[in-house]
Amino acid sequence: MFRYTIRRILEMIPTTLGILLLTFVLFHVVGGSPAQVIKGKNATAESLAAFDAKYGYDKPLFCGHWARLRALEDGGKRSPEPGTRNPEPGARSPEPGTRIPLAYALPAGTYRLSLGGLSGADKPALALALQSLDSGTTATNMIAGAARAGDWQAVFTVPDAQRATALVVAGALPETVRLRRRTAHFFDSQLCHFFAGLLRGELGTSAEYDASVWLVLRRGIGPSLAITVPILVGGTLLALMLGLFCAMWRGGGVDRAILLISTLLMSVNYVVWVLAGQYFLAYRLRLFPIWGFEGWTYILLPVLIGVLGGLGRDIRFYRAVILDEIYKPYVRTAWAKGLTGAQVMTRHVLRNSLIPIVTYVSLSIPFLFTGSLLLESFYGIPGLGCVSLNAVHSSDMTVVRAVVIVGALLYQVVNLLTDLCYAWLDPRVRLN
């Protein structure tokens, strides 16, 4: 078993890397710009750039030396320097001094400027408007570059004591202007920082709470476990006991009554149970608190609703599993030995039925940590389900990504523990 466990853990490593890579692509590439999603369509390029710099989205996605900037997103409107004539519409070579404004002042650093759509005869003369941080005076420095693969490219540096406010073009007006910032090194990227943070045990910073994601998750894990663990344990034991009664007296009045009740429980939508329990038991009869999480009494009603909501489905499943074992030869042998009904059902039938039961229960274990979304939302439980819902509403993708990663990793761990339980429950199972 030890060798099997080690091999399974080693097999989990590439699977985990694949999950993390897929999660990164979904939230960083497919999902678009997190700054644009959170700030909205009317946000300025300066506020978007500040958000990217704060949370590390201003770096290349995978790797590279140059990172995309938002400084030219508002740079489509070009105006000449004061004292020069506006260019005619459609003119290729406007008057000297055409200004390409920057959406925000560039801080100190190394940048690469690329101009596209120029012919070989075009020789643009570029200058960078630099403002002194000490005196506030503005001066222009010439930028030298060369044509490379159809584009005119130049690399320039903004000194520490200055910041760049605009680009000034004298000569041919380019059709496309691209500006990028040089990163610290080739692997100074979002993907590398994402994996490096995971190795350090970090999941990022929440944009909604401006705190570590681990801190946000720790705040919600306690309330979530307070309602999900009793629901799982209580619901499993109650459903298993009723399933045994149905199988023992199959076809009788007890079996028919329990099946009827379980069918009724399955026929009612889970949301109806939540709303009905909150209205009748909490609001009308005052048996339970309606909202909040201030003591153990506040979790009684959510636990009761959670158990009732899944009881019908669990009873029918456990009954079917147990009935599948009752008709096997070893059960007839146990009856022939003179064992009582309780001994046959608990010592023999129940033990051999545990493998599918363990598989069924193991599928619910990861949800213990991610919380119950509906119960926490309707009853004001500040658990992970409520945290996840708030993160989706506020577009806090860092928290949503962390919940997805934790859930995926828990599934792998639970699957390994389930396989080990198979060998412990059934001696015929060999882990090779």
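Analyst: Of the contacts between residues at least 6 apart in sequence, 75% join residues at least 24 apart, where a contact means heavy atoms within 4.5 Å. The model is predicted, and local features need pLDDT of at least 70, side-chain atom pairs count only at pLDDT 80 or more, and totals for chains, interfaces and linings use all residues. Residues are numbered from 1 along each chain as its sequence is written, and side-chain values use heavy atoms, with hydrogens and water left out.

The chain contains 15 helices and 12 strands; these are DSSP runs numbered from the N terminus, helices being H or I of at least four residues and strands E of at least two. Of its 432 residues, 41% count as buried, a term for under 20% relative accessible area, with over 50% called exposed and the range in between partly exposed (1.4 Å probe, protein chains only).

Now to the part requested. A cavity is a set of points, on a 1 Å grid over the protein atoms alone, where a 1.4 Å probe fits but cannot get out, and its lining residues have an atom within 4 Å of a point. There are 2 cavities of 30 Å³ or more. The largest cavity has a volume of about 40 Å³, this being the space filled by probe spheres set on points that are joined across faces, edges and corners.

The lining of the largest cavity consists of P34, I38, F51, Y55, Y57, T205, A207, S395, D396, M397 and T398. By class, 7 are nonpolar, 3 polar and 1 charged; Ala, Val, Leu, Ile, Met, Phe, Trp, Tyr, Cys and Pro count as nonpolar, Asp, Glu, Lys and Arg as charged, and the others, Gly among them, as polar.

Most residues other than glycine have a negative phi. S395, which is not a glycine, has a positive phi near 60°. With a relative accessibility of 16%, S395 counts as buried.

The second largest cavity, with a volume of about 30 Å³, is lined by F27, H28, P34, Y57, M397, T398 and R401. Two or more of its lining residues come from each of α1 (2-30) and α15. The greatest contribution is that of α15, with 3 residues. This second lining comprises 4 nonpolar, 2 polar and 1 charged residues.

How values were computed. On a 1 Å grid over the protein atoms alone, a cavity is a set of points where a 1.4 Å probe fits but cannot get out, and a pocket is an open set with protein on both sides within 12 Å along at least five of seven lines; lining residues have an atom within 4 Å of a point.
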